[in-house]
Amino acid sequence: MNKTERQETVESLSALLKDAPHLYVTDFTGMTVLRMTEFRRRLRATGAKYVVVKNTLAQRALAANKISAFDPHLTGPVGLVLAGADPLPSAKVVGDFAKEFQKPTVKIGLIEGKPVEPSYVKRLGELPPRDVLLAQFAGCLNGVLYQVVATLEAFRDQRQASNSTEN
């Protein structure tokens, strides 16, 4: 790779990093080409991209975007998951794929401009989808409403009982 090709790679990666507010650095050691292709396909379905690039070029592109927290983690075979506006679907794909095939492993993440530990990315991937969370919230509200109604009915029954004993 000559100097102009390296510069073009850094510039294109810098542009991708500007468009991706969420980023995960992964170690893909031991992944076959077929698994890597499947991993990329699953990420693409969520609107994310998976980029494998030389560490020095990744450091330059990250430095151009003022991201320096990743430098110690850019060792060995590294792939970058460039998530879209929502970090959850891509974190879910990374977590599910790692459960299924034991690879890739997350080294560090960047959520809303802040570096996060791999355990945080794992927890993001374990969150249920938005619809399920809303249904759980509605169920909690429903339970509270039933308790309020039951309390009011008990209070009404108590008042009726006290009124009937007074008469």
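Five strands form an open, antiparallel sheet in the order 2-3-1-4-5. The model is a predicted one, in which local features need pLDDT of at least 70 and side-chain atom pairs count only at pLDDT 80 or more, while totals for chains, interfaces and linings use all residues. Residues are numbered from 1 along each chain as its sequence is written, and side-chain values use heavy atoms, with hydrogens and water left out. Helices (H or I, at least four residues) and strands (E, at least two) are DSSP runs numbered from the N terminus, and two strands count as paired if DSSP finds at least two bridges between them.

The edges of the sheet are held by strand 2 (49–52) and strand 5 (114–116); each has a single partner strand, so one side of each is left without a neighbour in the sheet. From one strand to the next, the twist averages 20°; axes are lines fitted to C-alpha atoms, for helices over the stretch in contact, and angles run from 0 to 180 degrees between N-to-C directions. Strand 5 is joined to strand 4 (residues 105–111) by three bridges, and the two run antiparallel. Within this pairing, Leu110 has Pro115 of strand 5 as its bridge partner.

Helix 2 (residues 33–45) packs on the sheet, where it touches strand 2 and strand 3 (78–83), and its direction makes about 140° with that of strand 2. Contact here means heavy atoms within 4.5 Å. The 13 residues of helix 2 should span 18 Å at 1.5 Å a residue, and its end C-alpha atoms are 18 Å apart, which agrees; the expected span is 1.5 Å times one less than the number of residues. Gly47 follows helix 2 and has a positive phi, near 90°.

Which residues of helix 2 are buried? They are Met36, Phe39 and Leu43, where buried means under 20% relative accessible area, exposed over 50%, and partly exposed in between (1.4 Å probe, protein chains only). Seen down the axis of helix 2, the buried residues fall within an arc of 60°, so they line one face of the helix; the arc is that of the directions from the helix axis to the C-beta atoms. Their cover includes strand 2, strand 3 and helix 4 (87–101). On the face turned away from this buried side, helix 2 carries the exposed residues Leu34, Arg44 and Ala45.

Rings of Phe, Tyr and Trp (its six-membered ring) pair if their centres lie within 6.5 Å; planes under 30 degrees apart count as stacked, over 60 as edge-to-face and the rest as tilted. By this rule there are three aromatic pairs. In one of them, the ring centres of Phe39 and Tyr50 are 4.9 Å apart and the planes stand at 80°, so the pair is edge-to-face. Phe39 belongs to helix 2 and Tyr50 to strand 2, so this pair ties together parts that are eleven residues apart in sequence. Phe39 is buried at 0% relative accessibility, and Tyr50 is buried at 7%.

The rings of Phe97 and Phe101 have centres 4.7 Å apart and planes at 50°, so their pair is tilted. Both residues lie in helix 4, four residues apart, about one turn of the helix. Phe97 is buried at 0% relative accessibility, whereas Phe101 is partly exposed at 23%. Ring pairs link Phe39, Tyr50, Phe97 and Phe101 into a cluster.
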